[in-house]
Amino acid sequence: MAKYINLTEAEEKLAALIWQNATLTSPELVALAKSEMNWKKSTTYTVLKKLCDKGVFKNENAIVSVVLTHDEQISRQSRSYIEATFGGSLPKFIASFFNGRKLTPKQAAELRQLIDEYEESDTNG
């Protein structure tokens, strides 16, 4: 998996707008940022350039499009956190997350389904 891309608070705000409204023109994005966040045109273009430089979006011919989806960003962020905090151990993360809390039967079933879906098969046979 590719490396997590750290976004500033301003970048996260603009990224959220783009993800919700993509694909859009850069003038449409400027108008949206002005109405949603009261940003100036220069602020929007500065933050958009940073997001493009980080590989999250691209702005070609005044069309802003998604390179890295919101789900991909969340996945990278989650993996980075688990790596840094729990040495990459998903079981340690889960144990810490549940610390004293109980799973509902529905949650347990959903986790079992995820484990079955993502479990590596033994091909040494």
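Reader: In which loop is the place of N61?
Author: This is a predicted model, where local features need pLDDT of at least 70, side-chain atom pairs count only at pLDDT 80 or more, and totals for chains, interfaces and linings use all residues. Residues are numbered from 1 along each chain as its sequence is written, and side-chain values use heavy atoms, with hydrogens and water left out. Helices (H or I, at least four residues) and strands (E, at least two) are DSSP runs, numbered from the N terminus. On that numbering, N61 sits in the loop between strand 2 (57–60) and strand 3 (63–66).

Reader: How many bridges join strand 2 to strand 3?
Author: Two strands pair if DSSP finds at least two bridges between them. Strand 2 and strand 3 run antiparallel, and E60 stands opposite I63 in strand 3. The number of bridges joining strand 2 to strand 3 is four.

Reader: What is the phi of N61 in the hairpin of strand 2 and strand 3?
Author: Most residues other than glycine have a negative phi. N61 does not follow this, as its phi is positive and N61 is not a glycine. The hairpin has two residues between the strands, and in it N61 takes a phi near 55 degrees.

Reader: Is N61 buried or exposed?
Author: Buried means under 20% relative accessible area, exposed over 50%, and partly exposed in between (1.4 Å probe, protein chains only). N61 has 78% relative accessibility, so N61 counts as exposed.

Reader: What phi does A62 have?
Author: A62 lies in the loop between strand 2 and strand 3. At 37% relative accessibility, A62 counts as partly exposed. A62 is not a glycine, yet its phi is positive, at about 65 degrees.

Reader: What relative accessible area does S26 have?
Author: S26 is found in helix 2. S26 counts as buried because its relative accessible area is 4%.

Reader: With the side chain of which residue does the side chain of S26 make a polar contact?
Author: Contact means heavy atoms within 4.5 Å, and leaving aside neighbours within four places in sequence, S26 is in contact with Y45, N59, A62 and V64. A polar contact is a pair of N or O atoms within 3.5 Å; within protein, one must be able to donate a hydrogen and the other to accept it, and residues adjacent in sequence count only if both atoms are side-chain atoms. At 3.5 Å, the side chain of S26 makes such a contact with the side chain of Y45.

Reader: What is the omega of the peptide bond from A22 to T23?
Author: Most peptide bonds are trans. T23 is found in the loop between helix 1 and strand 1 (24–25). The peptide bond from A22 to T23 is cis, with omega near -10 degrees.

Reader: Which residue caps the N-terminal end of helix 5?
Author: Helix 5 covers residues 90–98, and just after this helix G100 takes a positive phi of about 90 degrees. At the N-terminal end, a side-chain oxygen lies 3.1 Å from the backbone nitrogen of K92, and the capping residue is S89.

Reader: What radius of gyration does the protein chain have?
Author: The secondary structure of the protein chain comes to six helices and three strands, and its C-alpha trace spans about 55 × 40 × 25 Å along the principal axes. The radius of gyration is taken over C-alpha atoms, and the globule rule is 2.2 Å times the number of residues to the power 0.38. A compact globule of 125 residues would have a value near 14 Å, but the protein chain has 19 Å.
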